[in-house]
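Me: I have just opened this model and would like a close look at one part of it before I get lost in the rest. Could you walk me through the part you would begin with, and then show me how the remainder compares on the page?

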Amino acid sequence: MSFPLLTATAALPALGAIATAAVPAARRTAAKWLALLVSLATLVLAVVVLVRFEPGGDRYQLTESHAWIADFGVRYELGVDGIGVALIALTALLIPFVILAGWHDADPLETRSSRWRPTQGFFALILAVEAMVILSFEATDVFLFYIFFEAMLIPMYFLIGGFGDRAHAGTDEKAAAQRSYAAVKFLLYNLVGGLIMLAAVIGLYVVAGNFSLQEIAEARANGTLDMATNTERWLFLGFFFAFAVKAPLWPLHTWLPNAMGEATAPVAVLITAVVDKVGTFAMLRFCLQLFPEASKWATPVILVLALISIVYGALLAVGQRDIKRLVAYASISHFGFIIMGIFAMTSQGQSGATLYMVNHGISTAALMLVAGFLISRRGSRLIADYGGVQKVAPVLAGTFLIGSLATLSLPGLAPFVSEFLVLVGTFTRYPVIGIIATFGIVLAALYTLVLYQRTMTGPVKPEVSAMPDLRVRELVVVTPLIALLIFLGVFPKPLTDIVNPAVEHTMSDVQKQDPKPEVEAAK
Amino acid sequence: MENLIALLVAAPLLGAAVLLCGGRRLDAVGHWIGTVLAAASFVIGAILFADMLGKGAEEREMTQHLFSWVPVEGFQADVAFQLDQLSMTFVLLISGVGSLIHVYSIGYMEHDERRRRFFGYLNLFLAAMLLLVLADNYLLLYVGWEGVGLASYLLIGFWQHKPSAATAAKKAFLVNRVGDMGLSIAIMLMFAWFGTFAFGPVLEATGETSEGKLTAIGLMLLLAACGKSAQVPLQSWLGDAMEGPTPVSALIHAATMVTAGVYLIVRSGAIFNGAPDAQLAVTVVGAVTLLFGAIVGCAKDDIKKALAGSTMSQIGYMILAAGLGPIGYVFAIMHLVTHGFFKAGLFLGAGSVMHGMNDEVDMRKYGGLRKYMPVTFVTFGLGYLAIIGFPGLSGFFSKDKIIEAAFAKGGTEGWILGGVALLGAAITAYYMTRVMLMTFFGEERWRHAPTPSPAEPSVEPAAETHGEHAEPHPHESPSSMTIPMIVLAFGSVFAGAFFGIGDRFIHWLEPVTDHAHGHPPVSALTVTLSTVAVMVIGVGVAYAQYGRRPVPVAAPRGSLLTRAARRDLLQDDFNHVVLVRGGEHLTRSLVYVDHTLVDGVVNGTAASMGGLSGRLRRLQNGFARSYAVSMFGGAAVLIAATLLMRAV
């Protein structure tokens, strides 16, 4: 038997989480380094996965399969397609930056006793989330996926509720109350989604007799597994609801601004750049593959909701006064683009959506982490408390500008490629929706540039006049992200090569073909 | 030879990367690096030009394929270049004027502590602009298109500590984004209908496409052109863009970037040729902007804003010509090139005047400067004669041809367009004479009126705000500034005659853009004589108002039209009330709706569905954590129970 590479990629951060948590209270710095090294080792494994994966090969590769709960038909089945590989790489790539950016976020306050070990907990939880997210991208057994999809809520809950942003306008008590509210709201929304999905998972088992994604999909494709139209639709809705909460899709989005606002910036990145991607990923993998007919049935409604997300999220971002909430609403707008690309059901739309997941992860990480550095310097999340920062901290301002430009999808940076693919892919099938979505590019310029103008330009505010520029640790975080944004904007081929075959498979799952150009169709 | 094409873009791009990432170490030599790399681009362009001249007219097009950019099923976007006569014209203009302005900036920005960064941005602009004109497909053109927008944003807001500069930069980018929507949609339409957006296949496929589709694409391209070229209704950013340093105004907001819209339309000529309605829209936009810009230019006392109005108006001429189809394309580009010379020269002259006048921009506080700045006076004067179309100078040849072509469109349209173009020529002569007289002639009004501080107090002195309050001591600028002005003045005088006599420019561009000789309803001589006549009238009226009477230092109240024109014909106020205020109200109410309604409904639904409303109330009373733990415990029990039941 070959080396279980996929298991190892997830097991490493899981074991690292346990080890980090076990580091004695006094050795905080050791815990940080341990977590960082584990995350880097995981990145190495993810790169091995990337290298070993053959884009032209089988649909699912590096597969592992073991009986688990035999009576119940649950198997420990792992496998990755191009989309999974890309997202595992994204996750493994971002975690070291998240850890490095949050280096001091969980240092204990002096008032606590020496037995208090928040630092160890913070980094252990991040690694635990990483392990579960990676397993979600790998699992090809529906039940196995469900377990990790739900289980990651626990560490996320504690990360949001236990380690809030110290830059809070109110008193400590008020901050704690808002933090709990945000954490519970996050948990409740996702739990409700998860419970509905659980019902659908059980329903699927009743209909199909097992949980194997590949088996069910195959049986669906060759006609041996018939589902009544209504059954399929209900099951689809059960799955989709959970993913739409996590993604998040309008109107289920309201937990995200709370969670991202109250959490520390690195945790906010973890939420929006990593954890939420499981939702959009699962739409592609489970909704389209298991319920192709129901997916097509629901497409018009989903596209409209996605379109609302795009415009609504962007308008709300314009109206925000809190930097982190602004980024959260921008993310809602971007998730609208991703979901639109998935359900446009064209090669360009789905390739674009997958690239979008990766690119949004990198660009949001860049913007949010720099915003976090800014916020930690001034101790405020309010846009109005800043002004003229570029004069005192030009490197910080420059990186913030690049993050903003990536967020508004400037051509030449990675997000442009994916956003344009999604727009084109949607437009060829749904021209009106494609055109309305284009307004998103104007609004994105509005909220990012207004944010930049208010915080970075103008006369220097006295409170920011002594602000230090980016430190070495912070530069180590930001520079590689920016380099990646430029590289993938100019040369996205390595990524598209991996993603394209997987998209072809999904397109054949839903039995859709790209609309032919009219000139060609006429011939 | 075609492998050199990429170097045209690579040289300034390298400069931008080195200068922007290099840090303070390069402060001492940064401007030289930037200038040398800009000049390198010009030299490569000249080599390619010489090579091109050696070939027959039909074999001059060169292509270079670098790599496949976005390889996705059914979607082919390449990083590939196409250098033909049209691109070549732009390459020489951009890198040539660009290099001159780099040289000028060495002197102009000498006292700015961020000079290295300024040159980095200028190089970035050159790279993006060259990419725009060299791309062989619309998507890559889009990269250059937004790239110049970015450079423009960075340079308008170069003095970021001035809120007005930061606002102007943001406004420029946003208005341009509205235009970019047009370009995006045009590309999407091409992809949906032709399956490609490369110039070659798209422009070939126009023959077999219905007029309606071509009109749709054409109108979207026109929207894009309106944004970039500051044409009505997306013109409002250009006046504010004068917040940028003057070399930027000369290079980006006069000679090159703002003419990208003209390039786009001429490049897409085959699409417009098949869509008469779109062409009509183009000519209308051009004609309206031509008058709009000219009227605004008459009322501004700020020398740069007067010139900005003039730029708008002159680009209106080009857009008008481009809308005329094959009878106008060549003249649109010809006017674009001559305008590049004389308008860049005028801006550099204005910068030189400001340099010597403590950065005062109000022409009412100039006067009689010809004695103190002889070189600036002569070069500016030649640019002035060129733009008003003084017989024999550049503007005379290029503008006359456009007016002729407008008449040649035929029918009522032809008379209207021709009449507007003629009227525009009169107004041009008027406002430019006004600028000339107020600046270089008349009483020395600056003597008794020391320059007040600028409207926006700056935190610390920057290049354009140092030494305020002192009485100005007008002086000639250093040679690094005057030499580029002299070179451009040379172009302003001779370029038109060189291009126009013997139809050289027509023969050069014809293989790319096609050319049809227009036949105006009146003889060409009549048109030319009328053009000269209205020019004389314009100059005469201005002389009567500003030459023979003293110019008041404080602006008189003026007529209703003057007051409206000072406020950009109220278009900005309309934008402010409708878009800015309206948008603010919309977003504010949406924030409220999201907070109360959407959140409330979803929370409420979830609560009632799960029977959790009582718990939710407790949650808000601060029992959050215990609640969450119990909730999670419940879920865990549920899952375990289900598992167990199944397993049994």
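Reply: Happy to. Of the 523 residues in chain A, 67% are buried. Please keep in mind that this is a predicted model, and every value below is computed from it.

Let us begin with the overall build. Chain A contains 21 helices and 2 strands. Its radius of gyration is 22 Å, close to the 24 Å that the globule rule gives for 523 residues, so chain A is as compact as a globular protein of that length. As for charge, chain A has 35 positive and 35 negative charges, and their mean positions are 9 Å apart.

Helix 4 of chain A runs over residues 118–138, which is 21 residues. From its first C-alpha to its last, helix 4 of chain A reaches 30 Å, close to the 30 Å expected at 1.5 Å a residue. Is helix 4 of chain A buried or exposed? Of its 21 residues, 20 are buried, so helix 4 of chain A is largely enclosed by the rest of the structure.

Thr7(A) sits in helix 1 of chain A, residues 5–22. With a relative accessibility of 22%, Thr7(A) counts as partly exposed, because buried means under 20% and exposed over 50%. Leaving aside residues up to four places away in sequence, Thr7(A) touches Glu64(A), Tyr76(A) and Leu78(A). Val510(A) is 503 residues away from Thr7(A) in sequence, and the C-alpha atoms of the two are 30 Å apart in space.

The other stop is Leu367(A), which belongs to helix 14 of chain A, residues 347–378. Leu367(A) has a relative accessible area of 4% and is therefore buried. What does Leu367(A) touch, not counting residues up to four places away in sequence? Its contacts are Val327(A), Phe400(A), Gly403(A), Ser404(A) and Thr407(A). Leu405(A) lies 38 residues from Leu367(A) in sequence and 9.3 Å from it in space, C-alpha to C-alpha.

Next, look at the backbone of one loop. Most residues other than glycine have a negative phi, and most peptide bonds are trans. Against that background, the bond joining Ala247(A) and Pro248(A) is a cis peptide bond, with omega about -20 degrees. Pro248(A) is in the loop between helix 9 (229–246) and helix 10 (255–262) of chain A. A cis peptide bond also joins Trp250(A) and Pro251(A), where omega is about 5 degrees. Pro251(A) is likewise in the loop between helix 9 and helix 10 of chain A.

Chain B has 25 helices and 2 strands, and 60% of its 648 residues are buried. In chain B, 80% of the contacts with a separation of 6 or more involve residues 24 or more positions apart. The accessible surface of chain B is about 23100 Å², with 66% belonging to carbon and sulfur atoms.

Helix 11 of chain B, residues 260–267, is mostly covered, with 8 of its 8 residues buried. Among these buried residues are Tyr263(B) and Arg267(B).

Chain B also has backbone angles to check. Ala230(B) is not a glycine, yet its phi is positive, at about 55 degrees. Ala230(B) lies in the loop between helix 8 (211–228) and helix 9 (236–240) of chain B, and at 0% relative accessibility it counts as buried. Asp503(B) also has a positive phi of about 55 degrees without being a glycine. Asp503(B) is in the loop between helix 19 (479–500) and helix 20 (504–513) of chain B, and it counts as partly exposed at 25% relative accessibility.

Notes:
Residues numbered from 1 in each chain as written. Chains lettered and ligands numbered in written order. Predicted model: local features only at pLDDT ≥ 70, side-chain atom pairs only at ≥ 80, totals over all residues. Heavy atoms only, no water. Helix = DSSP H or I, 4+ residues; strand = E, 2+ residues; numbered from the N terminus. Rg over C-alpha atoms; globule rule 2.2 N^0.38 Å. Buried < 20%, exposed > 50% of the residue type's maximum accessible area, 1.4 Å probe, protein only. Lys, Arg positive; Asp, Glu negative; His and termini not counted. Charge placed at Lys NZ, Arg CZ, Asp CG, Glu CD. Expected span 1.5 Å × (residues − 1). Contact = heavy atoms within 4.5 Å. Areas by Shrake-Rupley, 256 points an atom, 1.4 Å probe, with all protein chains shown as cover.
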